[in-house]
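Trainee: I am new to this structure and would like to learn how to read it. Could you walk me through a few features?

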Number of protein chains: 2
Amino acid sequence: MDPDLSALDATLGDCDGYLVDADGADSTQRYLSGFDAPDPFLTCYTPAGVHLLVSGLEYGRARTDARADTVSRLSTYDYRERVSEAGPVAGRAAVVADFLADRGVDSVLVPARFPLGTADGLREAGVTVRVDGDDAVTRIRAVKTDAEIEHVRRAQRANERAMATAESLIESTTVVSGVLHHDGEPLTSEAVRRAIERTLLDEGCALDETIVACGADAADPHDRGSGPLRADEPIVVDIFPRDKETRYHADMTRTFLRGEPDPTLREWFEVTDEARRAALDAVEPGVTGEAVHAAACDVYEAAGLPTLRTDPTTETGFIHSTGHGVGLDVHELPRVAPDGDALEPGNVITIEPGLYDPEVGGVRIEDLVVVTAEGAENLTEYPVELVV
Amino acid sequence: MDPDLSALDATLGDCDGYLVDADGADSTQRYLSGFDAPDPFLTCYTPAGVHLLVSGLEYGRARTDARADTVSRLSTYDYRERVSEAGPVAGRAAVVADFLADRGVDSVLVPARFPLGTADGLREAGVTVRVDGDDAVTRIRAVKTDAEIEHVRRAQRANERAMATAESLIESTTVVSGVLHHDGEPLTSEAVRRAIERTLLDEGCALDETIVACGADAADPHDRGSGPLRADEPIVVDIFPRDKETRYHADMTRTFLRGEPDPTLREWFEVTDEARRAALDAVEPGVTGEAVHAAACDVYEAAGLPTLRTDPTTETGFIHSTGHGVGLDVHELPRVAPDGDALEPGNVITIEPGLYDPEVGGVRIEDLVVVTAEGAENLTEYPVELVV
């Protein structure tokens, strides 16, 4: 099932079409065109259909792979001649103007990051170009089709295998002077990260970053972690891979501890798991991201722990949002945060409460769920256990 | 040694500065700012210095890591208030306008792909925004500093280890019914690619694509290859990794054959190696990329093989350019092609002649070299041998 783009019609206002000029790594381009190419190409959505303009090199593949009603080639519009006359930027823009004219498009809405060189050239050719300040496509993207949900589910399965690799590695260690050792060497954040990356590679996934953060590192939600892992301290493992084929992401966090947690850590883990379950229980269509976030805050505050809701300046406790949307981007709409709007069936969101204090370390537990007509389905099957 | 940005001064014309609004994965942004961040930030080059505008989250790291004279925070310009008043696009642009005004900048030159939302907002605030149709920064980037050359050299060392992994794997096979077998299973393009990716991961490199193409697949220079590898057929292995830390690329191709090459293939390999050496010999400052390309064409044509120079419509023979620049982008200036300009010391270019014919397969040999004051230094130490 293809995404329903007709919601764009209302956004267009008095514009004839929605125009994107970007490569396939751009999520809006990927979504509108259904096509992946390494160099920028044009996609024009109109209520009558989706039209692509690509290089000759990509033409054959675009005709079979893209979700388009028509595919045109740059050469049809004398691309080479016009670039050699007017230069690469103005020449290309003139070609795009003709491509639009052929489809009866005189005015276009474009994303805020649409390239200025193309926009200036189109305006010079008499095309009206207006910036979509409301980011309509990212709003439409927030509601996933069944096929998109399957892409996310598949990425989360790969993610679980990577998490199992990390957990096994940590579990396999012996403790020497408080430091975890594997094969006679200290086990480092970097080594666990590499094992995770290898597993994901074998699963067809790619990732630029992974968090494997121990002790004080784990107390900073943005610290990727480095150096030897230590016994009796929490190790936050947060993995957010991208499926190389579909480009959809997954996201999951677990916190592991090798050895004996002190009573504070044990309590932190339990209350964070309770916050996770409370937030999960709150998820259903019509409930706001704000209310889901509030459900997690309620649990922490009832346990006497600081949150940003009770103290906007706190640097310890629950110091981030409860979650975010996941799809072609690893962070996208909807927000599961103080300003989060009402959830809809098809939203895919993380639920990831956590507690942080440099004196104690960090604890975070993150699941990935899809909002359904009835409530929510958890796409995460990985167990939640602290001590390994 | 930092890149010499003063060449931008001449390009500025009557503009006060060169402005970039992009994340750290954008090569122009990375080059001007020396900074890597996952979300878009602003860099303004002026003859007096380089000025960054970043979010509070990136501020500390930007102050230590970036190549900037000043680093400012969005919050200094009441970012939140202005976004809630005017929306995310117009509010952010208003902040950028104030940031520029503080530096006495009333007019900016910007890359062709500068975001329209920011440009429209700046123009509304009275700032002149002009598109740099000549892509000045990519021209400056084509001449590398010693530090940049070391980054490329390090990536090429990693690349050689990956190539050795691929060669060993192919060499380790036995032949069953014409198909290469490893550990009792057919060895596929995909399996070799995975072994390459694993090695590169261990070397701190990332890559989105690798070519491991056998037989008819190898006859299409853009085919990544798939399925079982066969004996007595050429296997083109083209690897172009990016160092994850520096973001600089390497690039290398070798063609391997397990078994017995037929006389045509053997001749193709030898003449391609001769074309490679002839092109390498031609590289020196002042010589054009066009002349280097011609040196490769000369060898092929002397051997009676078709090139695009003798027959612009040929679909077999030497059907691409001799090379391209390599740096923060895997394809960048200078061109080593029919329209290539004069080479300069510090250019890093590939030399990659090849022959293609679906009836025969493909052969390509690619080295990576730096143009020096005296001629060229080959950054590639990997042997050139067909039969493994």
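Mentor: Gladly! Keep in mind that this is a predicted model. Let's start with helix H8 of chain B, which lies across S12 and S14 of that chain and runs at about 15 degrees to S14(B).

Trainee: In what order do the strands of that open sheet come, and is the pairing parallel or antiparallel?

Mentor: In general, the strands of a sheet pair through backbone hydrogen bonds, in either a parallel or an antiparallel way. Here 3 strands of chain B follow the order S11-S12-S14, with antiparallel pairing. S11 (210-214) and S14 (252-256) of chain B each have a single partner strand, so one side of each has no neighbour in the sheet. From one strand to the next, the twist averages 10 degrees.

Trainee: How many bridges join S11(B) and S12(B)?

Mentor: There are 5 bridges between S11(B) and S12 (residues 235-239) of chain B. One to look for pairs B:Thr210 with B:Ile239 in S12(B).

Trainee: Back to H8(B): at roughly what angle does its axis cross that of H9(B)?

Mentor: The axes of H8 (residues 146-171) and H9 (residues 189-202) of chain B cross at roughly 145 degrees, coming within 9 Å. The crossing is right-handed. Among the residues that meet there are B:Ala158, B:Arg161 and B:Leu169 from H8(B), and B:Val192 and B:Ile196 from H9(B). By class, this contact has 9 nonpolar, 3 polar and 1 charged residues.

Trainee: And which elements do the buried residues of H11(B) pack against?

Mentor: They pack against helix H10 and strands S16, S17 and S18 of chain B. The buried residues of H11(B) include B:Val292, B:Cys297 and B:Tyr300.

Technical notes:
Residues numbered from 1 in each chain as written. Chains lettered and ligands numbered in written order. Predicted model: local features only at pLDDT ≥ 70, side-chain atom pairs only at ≥ 80, totals over all residues. Heavy atoms only, no water. Buried < 20%, exposed > 50% of the residue type's maximum accessible area, 1.4 Å probe, protein only. Helix = DSSP H or I, 4+ residues; strand = E, 2+ residues; numbered from the N terminus. Contact = heavy atoms within 4.5 Å. Axes fitted to C-alpha atoms, helices over the stretch in contact; angles between N-to-C directions. Left-handed = near helix turned anticlockwise from the far one by under 90°. Nonpolar A, V, L, I, M, F, W, Y, C, P; charged D, E, K, R; others polar. Pairing = 2+ DSSP bridges.
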